[in-house]
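Hello,

Here is the structure we talked about. Please have it open while you read the notes below.

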Amino acid sequence: MTWLMAVLAAVFAVDAVRMRGRLSALAVLGDARGDGAGSGDAPSASEAAAREAGRPAAAAERDGEARAPSAPGAADDDFAVFAAPGAQVDAETVVAARAYARRHRLDAVDLVPRDLPAVRAMALAQLVDVPSYRRRRLAPGRTAGAAVAVSADLVRRARACENDVADPVRFARFAARLKRYACTGTDLAVAPRLRAPRESLAWRYAVTREVVGGATPFVLGAQFAVFAAIVAGLAMAPAWGLAALVSLHLQPVIAIAGTPVRSRDLWWVALARLPYELALWAVTVARRRPPAPGDPDPVDALRPTYGALLDRGIDRFFEPRRDTCPLCGGRDLRVHLRTTDLLQQKPGRFTLERCRDCGHVFQNPRLSLEGLDFYYRDFYDGLGERGMEFIFGFHDGPYRARAEMLRGHAQPRRWLDVGGGHGHFCCAARDVWPDTAFDMLDLSDAVDDAVDRGWADRGFRGLFPELAADLAGRYDVVSMSHYLEHTRDPAAELDAARTALAPGGHLLVEVPDPESPLGRLLGRYWIPWFQPQHQHLVSRRNLDRMLRERGFEPVVWHRGEAHQRVDFVLAAFLLLDRIAPPTGRPWRPRAGAARRAWRNAVWAAGVPLVLAGRVVDALADPLVRRFGLSNTYRVLARRHP
C-alpha cells in the first residue's frame, strides 16, 4: 500500500503540472495575447459593439449583458454565437470572439468562462491539449459548455441550428461536430466577461457518456478506485496515505491558480476535494438518465427491430461450412479459434479455421449477406457511430505512418483510400501530402459526410470490385488499411486495385498479422481476431504471392513499424465486458439496477487490470517492434506497367 500511495501522490503532482500547462496556453479574448477586440490596432469591445448596434459607446457600456444570439446570422452576417442553456453572452464578448476568430482565420471559437468552476476546468484540461488542439486534425471537439462563436460558412456545412444547443448533451455533441467540420479552424479562448452557466447534476452522467462514450464505465470506475485507494491508504499506511491525499487536494491549486481561468470555487474545492468529488461521483452514477431527454431513447427505439430479427433465429446469418481453403483449395483444415461476439455482445458463435497447406486463416462458416448486415449494424453507424469516431480519431500516428510510407517511392497526385470509413486517413494524410487529392470509397453514407467535412475530395459508395471499371487508371496510389480482412474475396479486391491504378502506381495494404505470437498468447481476447467481422486473415507470405500473381512488385514491407500498441489493454477491456456486459444494447435484455451495479463494480475492480495491460503494452513494444512480432504489417507494392 505504501508504494501505491507514493505513486498516486506523484501522479497527482505530475498531472497537475500537465493541466496547468494546458490551461496556461489558453488565449484570452481582448488582450494582446488573445489578439481580440481589445488589441492595439482594433477598437475597444465597447466601441465596436456600439458601432455594430448603431448607438453611442457609453450607451453600450451601460447596457451591460445581452442575450447571445442563438441562431445563425443573429450577431453578424458572417458569424453567430450559440449559447448553452443558462449562459448569457454580452455584446463585448461577441465582438471580441468575432475579432479573435477573424484574426486567426478560425471558423469556431469555444468560449471558456473566466470563472469556470475548478472541477470543470480540470476536466477540460484533461480532455484538451490546448497548444496542439487547433492544428490536430483528428482531435475530438471539446467544449467548456458555455458558448461557441461559429462562422456562417461552418453553420451551413455543419447544418447547425438552435436545437443543437437545447441541452448540455446536445451542446457537447455540437462542439464535437464543429471540430470535425473545421478540423484546423477550431480553437478555445477565455472570455473574461462570460459567466459559467450552472451545471445541472441531472445531466452529468449523460454528458460524460457523450464525451467519452464506451469508456464511461472505465472513467467512472477509475475515479472510484482512486478515491477508495486513498481511503484505504489512510488506514493502512497513514503517512503515505496522507501524502496522496494532500497531493490530491493541492492539484486544483497547482493546475488553475495563476492561469487565465480564475475559478471562484478554487480554494473551497481544494479544501474539500475528496468528499466533494465522491459526492459528485455518487450523484453522477445515480442519475443515469437526463431529466428531460430531447430525443427518444435510441436503444428503446431499436428494441422492436432487433426483437423481430432475433425471433427468427440466427442460423440464416451463416452460410454452409466449406471444406476447402478459399485461397489455395486445400482440404486440410483445422479449427484455429472459436469465440463469441466480444465486440458488441450479439448472439452467435464464430469459428476461424486454418489451412494447413498454405496457412490461410478464415471464418468458416462465414457470415451470409444477411449476417453481415446484422453484425455490422450499429457498429460503425447508428448506436456505435460516435464511439467509433472517438476511436478512429484518438491518435493520428498510424494514419501519418501509412502516408509517410510513400516517401522516396512516389509523389502522389491522386490517392484513393478504399474502405475509408469517415475519412480519418484522408484527413490526417493531408499534413503529409498537402498537394494530393484524396478520394475515398466505402459502402456507408459516411462517405458523403467525409466530403462535406472537407476530409475527402470525392467519395464513392459501393463495392470496390463493382466500381473499379469506372475508376480505371485514375489513381497513382490506392490504399487499403484494415479493409482486406473484412472482405468476402480478397483476391477480387486486389484485382480492383490493379484496375484503378495507373501503370507504375502504388498499392498500400495494411492488415492484421495472423502469425503474430500475441494472437496465440491472448487467444479469443486478441483484438485483431475481431469476430465476427474479420473473414480473412492473410499472412505476409500469402499476400506476397497474391500481389505478384496480379502484376504487383512489393517495394517495402513494414512489420515492427506497423505495430499498434493495444493488445493487452484491449484484451483487458474485452474480458471486463464479457464478465459484465454493457447494459444499453437493444439486442440484450433490459438491464435492471442489479446488473448496472454489477457492471460498475466490475469496472471499478478492473481498473488495475486495464492499467496493467497498458503497462505491459508499453514494456513489450520495443521487443515486439525489434523482432517483428507485431500485430499488424503493411506493404507498399508497385504495379507493373
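Which residue is the bridge partner of Pro-113 in β5? It is Ala-191. Keep in mind that this is a predicted model.

Strand β3 covers residues 108–113, strand β5 covers residues 186–191, and six bridges join them. Both strands sit in an open sheet of five strands. The order is β1-β5-β3-β4-β2, and the pairing is mixed. At the edges are β1 (27–28) and β2 (79–83), each of which pairs on one side only.

Helix α4, residues 91–103, lies across β1, β2, β3, β4 (147–151) and β5. Against β3, helix α4 runs at about 135°.

Next, a loop position. Gly-30 is in the loop between β1 and α2 (45–53). Is Gly-30 buried, partly exposed or exposed? Its relative accessible area is 29%. Buried would need under 20% and exposed over 50%, so Gly-30 counts as partly exposed. If you want a distance to check on screen, take Gly-30 and Tyr-181. They are 151 residues apart in sequence. In space they are 26 Å apart, C-alpha to C-alpha.

There is a second open sheet, with four strands in the order β6-β7-β8-β14. Here the pairing is antiparallel. The edge strands are β6 (333–340) and β14 (536–537), and each pairs on one side only. Seven bridges link β6 to strand β7, residues 349–355, in the antiparallel sense.

Now the surface. Which residues make the nonpolar surface patch of about 480 Å²? They are Val-17, Leu-234, Leu-242, Val-246, Leu-250 and Ile-254. Helix α11, residues 238–256, gives the most to the nonpolar patch, with four residues. Val-246 has its place in helix α11. Its relative accessible area is 41%. A patch residue must be over 30%, so Val-246 clears that cut-off. Val-246 is still classed as partly exposed, because 41% falls between the 20% and 50% limits.

- Pro-113 and its bridge partner Ala-191 in β5.
- The nonpolar surface patch, including Val-246 and Leu-250.

Best wishes

Terms used: Residues are numbered from 1 along each chain as its sequence is written. This is a predicted model: local features need pLDDT of at least 70, side-chain atom pairs count only at pLDDT 80 or more; totals for chains, interfaces and linings use all residues. Side-chain values use heavy atoms; hydrogens and water are left out. Two strands pair if DSSP finds at least two bridges between them. Helices (H or I, at least four residues) and strands (E, at least two) are DSSP runs, numbered from the N terminus. Contact means heavy atoms within 4.5 Å. Axes are lines fitted to C-alpha atoms, for helices over the stretch in contact, and angles run from 0 to 180 degrees between N-to-C directions. Patches are made of residues with over 30% relative accessible area and no salt bridge: like charges are joined within 9 Å, nonpolar side chains (Val, Leu, Ile, Met, Phe, Trp, Tyr) within 5 Å. Accessible areas come from the Shrake-Rupley method with a 1.4 Å probe; for residues, only the protein chains shown count as cover. A salt bridge is a side-chain nitrogen of Lys or Arg within 4 Å of a carboxyl oxygen of Asp or Glu. Buried means under 20% relative accessible area, exposed over 50%, partly exposed in between (1.4 Å probe, protein chains only).
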